[in-house]
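Me: I would like to go through this model with you. Could we take its main features one at a time?

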Amino acid sequence: MKHASVNGVEISGEAVGFELDRLVRFYMSHGMTMEEVKQNLPKLEEKALEQAIGAKLLLDRAMELDIPVTADDIQKEIDNVTAQVGGEENFKKALETQNITLDTFKKELEKGAKVNKLVNQACSSVPEPTEAEIALFFEAHKAEFKVPHEVLCQHILVKGAEKESYEKIAAIRERIVQGGDFAKEAEAHSDCPSGKQGGSLGWFGRGMMVPEFDKAAFEMKKGDVSEIVQTQFGYHIIYKADERGGSEQTIVEVHDQIKDLLRHEARGRAMDQFVAELREKAKIEYRECCGHHHHGDGHECHCHH
């Protein structure tokens with residue numbers, strides 16, 4: 001694994017770890033599996049190191065310019081963090097758990113606020129996306145802008161695969177088809193915890209249920225009671241109360257979403273250029289590490305340049 005220093009200051013393992021964690025969460029939220037993460041770990045670690053170098057360059061530049069940050073700016077940041085962790089008590093506990101004083105935390109927030117202001121300055125000349133650019137992007141990606149197809153269902157489950165289980169669910173279905181109340185039958189006879197709510201599963205999209213259940217729920221008509229469906233859990237009957245989505249969205253519906261995306265991409269390009277200029281002026285040194293890190297436990301890291 002590579003290590004690096006910027007103007008003679010070592011990039012810490014914590015800084016690289018922070019960037020790696022962000023990268024992994026980003027890629028997994030966009031469909032990458034844990035197995036794929038493991039396969040691509042060397043590349044991700046390299047990317048994380050480059051991002052940590054960029055973050056260090058931005059921080060150094062922000063401190064060098066001594067960008068002003070007011071007490072109000074810091075308080076706003078503290079209020080945001082407090083709200084995110086669920087209130088004042090949780091905030092104090094989080095500081096205690098991490099063994100950080102409020103003053104130390106404020107200093108870190110101040111650094112972050114300075115960097116954010118520097119980023120905004122660097123991106124200040126980036127123009128807003130035009131209506132023509134938004135329309136072009138929409139036309140090129142129209143198929144991607146779809147309202148997800150979702151269904152609203154109730155179900156009744158009788159566990160097991162034996163004849164008695166099948167006969168029980170068949171009798172329940174017959175009573176419902178003859179005019180019985182689905183919710184009452186679910187409350188009385190379903191082996192699923194949802195029975196207490198009349199068998200309600202709420203709204204769900206494709207792929208959220210086991211394949212046999214998923215297929216039946218999406219193929220049946222609204223207002224119908226399904227045939228008996230067998231899954232690994234047992235026998236089910238499904239009532240489809242409603243469905244929605246599955247259609248393409250209009251440009252009006254996704255206008256702001258596209259605008260935000262194009263703005264984000266344009267700012268990203270401006271920041272890449274800005275960081276590239278900072279890199280040119282900085283002394284960045286790399287070295288390979290054999291993997292035996294020095295953690296203060298007597299195990300030295302024997303690295304070569």
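Predicted model: local features only at pLDDT ≥ 70, side-chain atom pairs only at ≥ 80, totals over all residues.

Me: What volume does the largest pocket have?
Reply: The volume of the largest pocket is about 1900 Å³. It is lined by 43 residues, and Phe18, Glu19, Arg22, Gln51 and Ala55 are the closest to its centre.

Me: Which elements give two or more residues to that lining?
Reply: They are α1 (13-29), α3 (41-65), α5 (88-97), α6 (102-122) and α11 (251-281). By residue class, the lining has 20 nonpolar, nine polar and 14 charged residues.

Me: Turning to α3 and α11, at what angle do their axes cross?
Reply: The axes cross at roughly 75° and come within 10 Å. The two helices are therefore roughly perpendicular, since angles of 65 to 115 degrees count as such.

Me: And which residues meet there?
Reply: From α3, Glu50, Ile53, Gly54, Leu57, Leu58 and Arg61 meet Met271, Phe274, Val275, Leu278 and Arg279 of α11. This contact comprises seven nonpolar residues, one polar and three charged.

Me: Now the sheet: in what order do the four strands stand?
Reply: The order is β4-β3-β6-β5, in an open sheet with antiparallel pairing. β4 (200-205) and β5 (229-231) are the edge strands; each has a single partner strand, so one side of each has no neighbour in the sheet.

Me: How many bridges join β3 to β4?
Reply: Five bridges join them, and Gln154 has Ser200 in β4 as its bridge partner.

Me: Which helix packs on the sheet?
Reply: Helix α9 (residues 182-189) does, touching β3 and β6 (234-244), and its direction makes about 40° with that of β3.

Conventions. Residues numbered from 1 in each chain as written. Heavy atoms only, no water. 1 Å grid on protein atoms, 1.4 Å probe; cavity = no way out; pocket = protein on both sides within 12 Å on 5 of 7 lines; lining within 4 Å. Points joined across faces, edges and corners; volume = space filled by probe spheres on them. Nonpolar A, V, L, I, M, F, W, Y, C, P; charged D, E, K, R; others polar. Axes fitted to C-alpha atoms, helices over the stretch in contact; angles between N-to-C directions. Parallel < 35°, antiparallel > 145°, perpendicular 65-115°, else oblique. Contact = heavy atoms within 4.5 Å. Pairing = 2+ DSSP bridges.
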